[in-house]
Amino acid sequence: MPKIYVFFMFKDNFSWTKKCIQSVVQNTDPEDYSLVLIDNGSNAITRKALPSIHAEYDLETYESPIGIYYAYNEAIKKYASGSDCFVI
């Protein structure tokens, strides 16, 4: 079975970001996917909290918002070119 890449973009709102990631992890088999987190210009508070959830996942960080489609396209090119992708 081919690996699926799950891309999750967020900006601040750390509590909801963490809940969403925990839900993906709890309801899926980690053998079936790779999770890529995309921080689209979060504030310093969120950036400081990120290590508590991203240690097991790839993380792309942008200092300021760059636009949802550009960020997703860049991440897909880097991680999953030619693979199946799911964006959240």
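Keep in mind that the model is predicted. The loop residues are Asp12 and Asn13, both between strand E1 and helix H1, and the helix is H4, residues 68-79.

- You'll find Asp12 in the loop that links strand E1 (4-10) to helix H1 (14-26).
- Asp12 counts as buried because its relative accessibility is 17%, and the cut-off for buried is under 20%.
- Asn13 isn't a glycine either, yet its phi is positive too, at about 45°.
- Asn13 sits in the loop between E1 and H1.
- With 45% relative accessibility, Asn13 counts as partly exposed.

**Helix H4: its length**

- H4 has 12 residues, so at 1.5 Å a residue it should span 16 Å.
- The C-alpha atoms at its ends are 16 Å apart, which agrees with that.

- Four residues of H4 are buried: Ala71, Tyr72, Ala75 and Tyr79.
- They cover an arc of only 95° around the axis, so they lie on the same side of H4.
- Why can that happen? An α-helix has 3.6 residues a turn, so residues three or four places apart point the same way.
- As for neighbours, the buried residues of H4 pack against E1, strand E2 (33-40), strand E3 (58-62) and strand E4 (84-87).

Terms used:
Residues numbered from 1 in each chain as written. Predicted model: local features only at pLDDT ≥ 70, side-chain atom pairs only at ≥ 80, totals over all residues. Heavy atoms only, no water. Helix = DSSP H or I, 4+ residues; strand = E, 2+ residues; numbered from the N terminus. Buried < 20%, exposed > 50% of the residue type's maximum accessible area, 1.4 Å probe, protein only. Expected span 1.5 Å × (residues − 1). Arc of directions from axis to C-beta. Contact = heavy atoms within 4.5 Å.
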